[in-house]
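Dear colleague,

Please find the structure below, with its sequence.

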Amino acid sequence: MTISFSHSLLLQSILIVLFILSSSSFNSAASKVGNYNVLSFGAKPDGKTDCTKAFLSAWQKACDSAELATIYVPAGRFLLGKTAFSGECNNKAISITIDGTLVAPSHYHVTGNDDNWIVFDNVDGVSVRGGLLDGQGTALWACKNSGGNCPSGATSLKFTNSRNIMVIGLTSLNSQMFHIVIHQCQHVKMQGVKVTAPEDSPNTDGIHIGGSDDVTILNSNIRTGDDCISIGPGTTNLWVENIACGPGHGISIGSLGKDENEDGVQNVTVKTVKFAGTQNGVRIKTWGKPSSAFVRNVIFQHAVMVDVKNPIVIDQHYCPDDHGCPHQASGVKISDVTYQDIHGTSATEVAVKFDCSSKNPCSGIRLEDVKLTYNNQIAQASCQNAGGTSQGSVQPESCL
């Protein structure tokens, strides 16, 4: 078949028009993705200029957008004061991509009396990717350790009353108090998080979860002065996997039972964790006084202990300074807790200690394939008011 020259020109014209239309459609779709570089809002990456207003302006633009939005923080150091990113957004897909460092004020009195340095409140569909948070907590810790008149300090990053949250590849350095807090949230995933603070830094829990449901923490490295991960009242359906912990105080459920009417903790899985030089390994801690709280359906699985002072411990007689609770029994009921495939070395002779409540003895405790040694010898186990079973090889010999 022969195509005339005029027909050929017509065909080319049609193809050009189609290309223009498709390009226009692509550009229109691309324009629906809002990209907000904090530099465009006046932020300066010098570590000295207060960038709080610039970050909040970028947040407001992304929050008001009905389309996908990315807030971008380039390389550099950005000084932020107390910063609250509030919800009620049109947008339920805001990504905050950080290539730089967010720096807290150098003097602890600026944020030390606030509960939080950076907080996300009532947000939905927010993801934080990359970046470093420098809490500059060193001066406050020195004040506390010297017994000075110091503020309590601020948590570096908190999510509260929020849902569908992702935190990926974030590093938190030298927080004044807790590094990251998940409070009253649903559907949270944290992956590749790194927490770093000295062993003697007070109250610097790595990640704290409380009052939250469906939280997952994966592939993270936590070195700090308090609990690597602490699990507070009202936590349900928590999954923790592939964690390196130490130095620090281990992974703790509790403390629970401080208040008489308090929510419990249930459906918790902690697996594939290496504890190195920590004060505790896997711990459940409750106040020694009446409470309606409980702990049930917990699995600690595939853990390696390296010179850990208390590899496996339940302590139901927590009563700091014997204030308000001496000689009382804990009301927290602990049941259905499994310890499976836990191996390594204890830094103390008693590697397994179940010190349960005389009023509410622990029940359904299960030990399976446990081997813990002390000075190249089999360690010891201690049980008080604890009932359960052992299966497979268990060393030290079960006292249940």
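**Strand pairing in the sheet**

In this predicted model, Lys285 has Asp315 in strand 23 as its bridge partner. The pair belongs to a parallel arrangement in which six bridges link strand 21 with strand 23 (residues 310–318).

Strand 21 also pairs with strand 19 (residues 251–256), again in the parallel sense, over four bridges. There, Ser252 has Arg283 of strand 21 as its bridge partner. Strand 21 covers residues 280–287, and eight of its eight residues are buried, so this strand is largely enclosed by the rest of the structure.

These strands form part of an open sheet of eleven strands with parallel pairing, in the order 5-7-9-12-15-17-19-21-23-25-28. Its edges are strand 5 (83–86) and strand 28 (380–384), each of which pairs on one side only. From one strand to the next, the twist averages 15°.

Elsewhere in the order, strand 12 (residues 180–183) runs parallel to strand 15 (residues 207–210), and four bridges join them. Within this pairing, Ile182 stands opposite Ile209 of strand 15.

A helix also meets the sheet: helix 2 (residues 52–64) packs on it and touches strand 5 and strand 7 (116–121). The direction of helix 2 makes about 5° with that of strand 5.

With kind regards

Technical notes:
Residues numbered from 1 in each chain as written. Predicted model: local features only at pLDDT ≥ 70, side-chain atom pairs only at ≥ 80, totals over all residues. Heavy atoms only, no water. Buried < 20%, exposed > 50% of the residue type's maximum accessible area, 1.4 Å probe, protein only. Helix = DSSP H or I, 4+ residues; strand = E, 2+ residues; numbered from the N terminus. Pairing = 2+ DSSP bridges. Axes fitted to C-alpha atoms, helices over the stretch in contact; angles between N-to-C directions. Contact = heavy atoms within 4.5 Å.
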